[in-house]
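Visitor: I'd like to understand how the contacts in this model get their labels. Could you walk me through the reasoning?
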Amino acid sequence: MSNVVIEVEGLRKRFRTRRGTVEAVAGIDFAVRAGEFVGYAGPNGAGKSTTVKMMSGILLPTGGRVEVCGLVPWRERRRLARRMGVVFGQRTQLWWDLPLEESFELVGHLYRIPAAERARRLARLEEVLALGPLLGVPVRSLSLGQRMRAELAAAVLPSPEVLFLDEPTIGLDVEAKVAVRDFLRELNAEEGTTVILTTHDLDDITRLCNRLIVIDHGRLVFDGTIDQLHAAYGSTRMLLVDLADPAATLVPGPGWAGAQVVRAEGHRRWIRFARDQISAADLVALVLAEHQVLDLSIMEPDIEDVIRRIYRGERGR
Amino acid sequence: MRAYLALLAAGFQRQTSYRLALAAGLTTNAFFGVVRTAVFFALYRERDQVAGLDVADALTYVWILEGLFAVVWAPWFWELAEAIRSGEFVVELLRPRDPYLRLLAFDLGRTLSVLALRTVPTLAVATLVLPLRLPGTVGGLALLGVSMVLAAVVSFQLRFLFGSAAFWTPDYRSLFMLVFPVLWLLSGFVVPVDFFPGPLRALVDWSPLIPLLMAPVRVATAGAGVAVATQVAWVAVLWLAGRLVLATASRRLVVHGG
Amino acid sequence: MAEHLGVYLRLAAASVRATARRPAYLAARTVSAGLIVAIEVAGVLLMLDRFGSIGGWRPAEVVLLFGLAFTAQGLALVFGDTLEADKVSQLVRRGTFDQVLTRPTSPLGWVVASYVDTRFVGRMLAGAATVVWATDRAGVAWTPGRALLAALAVACAAAIIFGVLLVAAGFTFVTVQASEAANVLLYGGQYLASYPMQIYGSALRFVFVWVVPLGLAIYVPALGVLGRQGPPGLPGWLAWLSAPVAAAFLALGGLAWRAGIRHYVGTGS
């Protein structure tokens, strides 16, 4: 049983500008199933916001097909609006001058949430997002981090099936980012909300998304899991080793399979290796066999490097 | 001196760049002018002269009003008060040379642009179509021009004084909103001051509101040099008031740190 | 449909609550709006007292027209202020209109209900007070029929003004240039319709009776209230036409708005 929530087929969008016709989206296909947490990345001007606008019914496609929750977005905009949530990183959907709780009340009325259910859901959201002390505060007085938590609460209060997020962590401090990510992870896991996260923040992607779609020049450039991304683009991992003897030199031996010492500072050595050529465990064993090691750790693959390569036009294997 | 002329030019250039606003303004002026003209034609159908004004005087009043509207009730009215409130004005006080003259120079540049692009075309077209009473001699027209520039200066000075209220009260907007409609009426922008009942007219004739509109109208219709003299006198008085306010406000800023 | 209305009323109430958080400023704005009406009326009276009459109409009768026009304009702008072309173009330029479209409401309903400008309530009340004063001075004896005509005048004129706003807003989605024309019609039109129509030349009269029928909406019912005969070409029974004409104009406005939205969704600004 395919519970496909978003279906995009041959989607195109052409704009007529002063300089002629621009094809912002030039044929995109993908399908998102219920409960997926999809990261949506791409350089600026790649067509990300254009596709999201077409998925949310704000923009009319020039060609192709798009269906969200079984509805054609631009044709049934209002019905879809009831079943989806949107959060714009920079702009607010809350009522600026009024206390936060009034915004929640209005959202409740807008989406026809029965009062009891709204209260129950709100209590839960307040707890998870620590909104309690903020309820009486006008939205204009909230800090960015507080406001983003409030925006999320307002967006998910109507229990949407699909949630579109546009740069929700932009400008937030570390603590706020963690709070937002934890919340989204929980939301996706417990309620099965399908999330489309448009972001430039690669930490968002690595920590939250189980699937990544990369758009460039209006075309789909990558669609798969993070592991598949690394496999397709051969990204590397880094082994950090603190040697007992700071003067010791690490020389890559025959079993090192291309791994290289890229940096040395005091006790510490940085060793880059390709995950598909040698496993971390094997490499550690090789190092331990020849040197005395005080401490070691493995740095997660640098997705930024991969994404940058994609943006530069590199195509994966 | 050159610095002030530069500011004048800058103001002129800035205002001239607002082409869309200009078109909009001209349309509004034309429309209201046409309606008011129709009203006066109807009013003067049965009478030749009322309160010393005949239909030509009345029409001249209408079109000078439409021409001077954007000069006197400048669209950038609130700017000074807002600059004070936002703290930008402190920067002005720190700049070299006289802040009052600097502001005047820039403002005058803008109003000269409005005079050139709105007032003159409006009057030129109106006088071709309607029996206005504008001066027929070069000297007369020059005097009218001087009178209109003086009106602009008085307008700046009044705006400065009102704007400086922002130094003393944060709620200047409420104050303005309640006071300006009354000033609007008393300056003669709703009906000519000549139609006011005696006592009120006498009061207004002695106020700095006359230089704004009625003085140029009187110069146009009656060649009244007295009107220009009144304008000059008020420029002087308001100048002194402006300097006083500026000195007090600067001291206050220094003491309170903005 | 009733439940939809409830949502819009709540939005409007929220807007009022937001502005009420600064009560002094709100009061000043409202009083100022009323003051402006009073000033205009005072000006007209000062003028007409000198001349005695205009087009055969006594001062109080003209003031009745002013009162009806101001009341109608106030009513239309209480809700329609957000539709002013400048504001709509701002919504579009800042991308805020996208957010409006993600709401489960009609975009028009949202835009209108999201901000209710109580300043215009002041205008309405002052206008209504003017009507009461003027009819008293003119010696009008109120009957249910006359009250109906006055209400008709206000409602139809308000609908037409709202229609003008809708048309301008619709155009703003396509080009930015609509605001001047709209403003001239709104404020100029109200001013024009505040004088008896017979003083105007045939061109102006035609435009403001049959194209932007503010003159029709205000002048003709006022004839009925004052018990006057209209001039040839504007007979009193035309009052019965003002409702359908205003409704047609409003519908036209709605079409223009919808067309504007369609354009916005098609081109994405």
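Guide: Gladly! Let's begin with a term: a polar contact is a pair of N or O atoms within 3.5 Å, where one must be able to donate a hydrogen and the other to accept it. The model here is a predicted one. By that rule, the interface of chain C and chain A has 14 residue pairs in polar contact, both at pLDDT 80 or more.

Visitor: Which helices of chain C supply at least two residues each to the side that touches chain A?
Guide: They are H1 (2-19), H5 (96-101), H6 (107-114) and H12 (239-267). H1(C) gives the most, with nine residues. By class, this side of chain C has eleven nonpolar, nine polar and seven charged residues.

Visitor: Why is the pair C:Arg17 and A:Glu102 called a salt bridge?
Guide: The closest N and O atoms of C:Arg17 and A:Glu102 are 2.5 Å apart. The cut-off is 4 Å between a side-chain nitrogen of Lys or Arg and a carboxyl oxygen of Asp or Glu, so the pair qualifies. The rule finds two salt bridges between chain C and chain A.

Visitor: What makes up the area buried between chain C and chain B?
Guide: Carbon and sulfur atoms give 79% of about 3000 Å². For chain C and chain A, about 2600 Å² is buried, 55% of it on carbon and sulfur atoms.

Key: Residues are numbered from 1 along each chain as its sequence is written. Chains are lettered from A and ligands numbered from 1 in the order in which they are written. This is a predicted model: local features need pLDDT of at least 70, side-chain atom pairs count only at pLDDT 80 or more; totals for chains, interfaces and linings use all residues. Side-chain values use heavy atoms; hydrogens and water are left out. Buried area is the accessible area (1.4 Å probe) that two parts lose on being put together, summed over both. A polar contact is a pair of N or O atoms within 3.5 Å; within protein, one must be able to donate a hydrogen and the other to accept it, and residues adjacent in sequence count only if both atoms are side-chain atoms. Helices (H or I, at least four residues) and strands (E, at least two) are DSSP runs, numbered from the N terminus. Ala, Val, Leu, Ile, Met, Phe, Trp, Tyr, Cys and Pro count as nonpolar, Asp, Glu, Lys and Arg as charged, and the others, Gly among them, as polar.
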